[in-house]
Amino acid sequence: MSNKIKQELEKVEIPKELHERSKFGVMKAKSEKPKRKLKKLAIPLIASAFVVFSAGVGAARIPSFNNLIATVSPEIALMLQPIEISSESDGIKMEVVAAMNDNEMAVIYVTLQDLTGNRIDETLDLYDYSLTGAQMLNSQIVDYDEKSNTATLRIQGNGGESLNDRKMNFRIDSFLSDKQTIEVAVDANLSEITSKPPQTVQLDMNNIPGGGGNLYEKLNDQGVIQVLKPNKTEITLPEIEFMHVTNIGIIDNRLHIQIRWNKGNVDDHGYFYFVDDTGNEIHPTSIIFGIDEAGNTNYGDEYTEYIFDIDSVDFEEQELLGHFVSNGKYTTGSWNTSFKMQSVQDEINSDLNKNFGTWSSKSISISPLGVTLYGNGKFNDSIEIDVRAKMTDGSVQTLDSMTIFSEDEKVKVKFIPSLPLDVSKIKSISIDGKDIEF
């Protein structure tokens with residue numbers, strides 16, 4: 001396996017759908033993690049940093065485990081728990097290499113190797129997969145070895161202590177590869193197009209798969225909103241064959257751009273955004289819905305409407321761009337494994353009373369997988385919290401990504417490091433500049 005794992009450990013960033021812009025340009029992405037059409041979820045999850053696991057006896061004698069840690073420091077290797085259980089279907093081998101959980105999060109490493117063809121590449125993305133007892137799964141490819149045609153993925157999900165010493169089942173039923181990413185400028189006279197009031201239809205926000213963006217919660221609270229009447233125009237974009245624009249207009253001082261996805265495509269997705277001369281980007285709120293034969297909105301995912309606050313965009317000074325992704329290969333099979341999940345052994349728990357505005361923490365927990373704050377209130381994701389681990393050797397580990405669990409006024413926020421924490425060597429945890437000694 002190549003040295004990409006070590007590189008990933010050293011440079012992991014929170015996944016972003018930000019790419020270099022090229023007017024009317026087309027490029028093939030090699031590592032962009034696609035966003036699915038969002039489902040309506042009560043608990044948000046921001047998945048990001050690369051994490052690893054606690055070690056078991058005999059780990060050094062396991063070949064695939066050695067491949068995983070070949071370029072990782074010995075200190076990290078000692079924290080890994082080997083699994084090494086495989087399943088093969090239709091000439092593709094899946095192997096669960098390592099796994100671990102703490103009180104909030106379960107993480108496993110999985111490899112996929114095509115033994116007979118070229119269905120696996122560096123753009124691989126799991127599509128239909130599950131892990132017993134874990135919710136809100138997220139997968140991220142962390143290494144691709146072209147020589148052996150093997151992809152290594154990190155699977156992360158909510159589950160926590162309920163998974164301790166439990167027999168788990170991980171299965172994959174389908175995955176995507178040969179991803180094509182298209183970045184294109186929209187050559188349309190928006191001032192002229194939006195000069196006339198558009199025709200609209202009602203949309204019941206309680207009868208849609210979901211959406212996302214800054215305005216989504218406000219629109220959802222309205223219950224019923226107005227969206228553009230579908231199929232009033234047909235604007236195609238260069239190099240994009242899997243969707244087209246079906247209407248553009250202004251509703252309630254907001255710019256709406258509606259598109260329709262072609263039938264038969266699997267997980268095609270994307271978004272529009274505005275950018276100015278300085279590179280500042282304005283991203284939309286999106287709403288997903290369907291249309292019946294009579295032209296009435298209903299539950300479905302054939303249409304997406306992108307909504308911008310008109311006060312934040314300038315048609316003359318800002319450029320409208322589209323960022324869309326299509327997958328060339330959709331592979332199905334039956335890859336199925338069972339194993340026992342082990343929890344981390346080293347963990348520190350302490351009281352921590354701190355006010356974060358809309359919520360307050362009551363306690364803190366520290367494990368190799370991160371720092372977790374427990375509290376009450378309503379989490380405000382616009383507030384940034386700086387968390388760092390100061391080690392006894394003087395080094396500092398920044399925890400620059402997080403997962404959020406918020407329900408019934410209970411808040412858990414887990415801050416994840418780019419490298420696992422050696423809990424025995426933590427001197428203090430810094431939260432917004434305030435040190436908590438251990």
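Strands are DSSP runs of at least two residues, numbered from the N terminus. The legends below describe a predicted model.

**Figure 1. Overview of the predicted protein and its confidence.** The protein contains 5 helices and 27 strands. Of its 438 residues, 51% count as buried. The accessible surface amounts to about 20,400 Å², and carbon and sulfur atoms account for 44% of that surface. Among contacts between residues at least 6 apart in sequence, 69% join residues at least 24 apart. The mean pLDDT of the protein is 80, and 80% of the residues score at least 70.

**Figure 2. Regions of lowest and highest confidence.** Confidence is lowest in strand 1 (residues 26-27), where the mean is 28. Strand 11 (residues 224-228) has the highest confidence, at 97. Over residues 1-62 the pLDDT stays under 50.

Figure 3. S87 belongs to strand 2, which spans residues 82-89. The relative accessible area of S87 is 11%; because buried means under 20%, S87 counts as buried. When neighbours within four places in sequence are left aside, S87 is in contact with I92, K93 and M94, and also with S334, W335, N336 and T337. With N336 there is a specific approach of polar atoms: a polar atom of the S87 side chain lies 3.1 Å from the backbone nitrogen of N336.

Figure 4. Strands of a sheet pair through backbone hydrogen bonds, either parallel or antiparallel.

**Figure 5. The pairing of strand 19 with strand 20.** Strand 19 and strand 20 (residues 359-367) run antiparallel and are joined by 6 bridges. In this view, K354 stands opposite S361 of strand 20.

**Figure 6. G210 in strand 10.** G210 is located in strand 10, which covers residues 210-212. The relative accessibility of G210 is 0%, and the residue therefore counts as buried. G210 and Y299 are 89 residues apart along the chain, and their C-alpha atoms are separated by 9.6 Å.

Terms used: Residues are numbered from 1 along each chain as its sequence is written. Side-chain values use heavy atoms; hydrogens and water are left out. Helices (H or I, at least four residues) and strands (E, at least two) are DSSP runs, numbered from the N terminus. Buried means under 20% relative accessible area, exposed over 50%, partly exposed in between (1.4 Å probe, protein chains only). A polar contact is a pair of N or O atoms within 3.5 Å; within protein, one must be able to donate a hydrogen and the other to accept it, and residues adjacent in sequence count only if both atoms are side-chain atoms. Contact means heavy atoms within 4.5 Å. Two strands pair if DSSP finds at least two bridges between them. pLDDT is the predictor's confidence in each residue, from 0 to 100. Accessible areas come from the Shrake-Rupley method with a 1.4 Å probe; for residues, only the protein chains shown count as cover.
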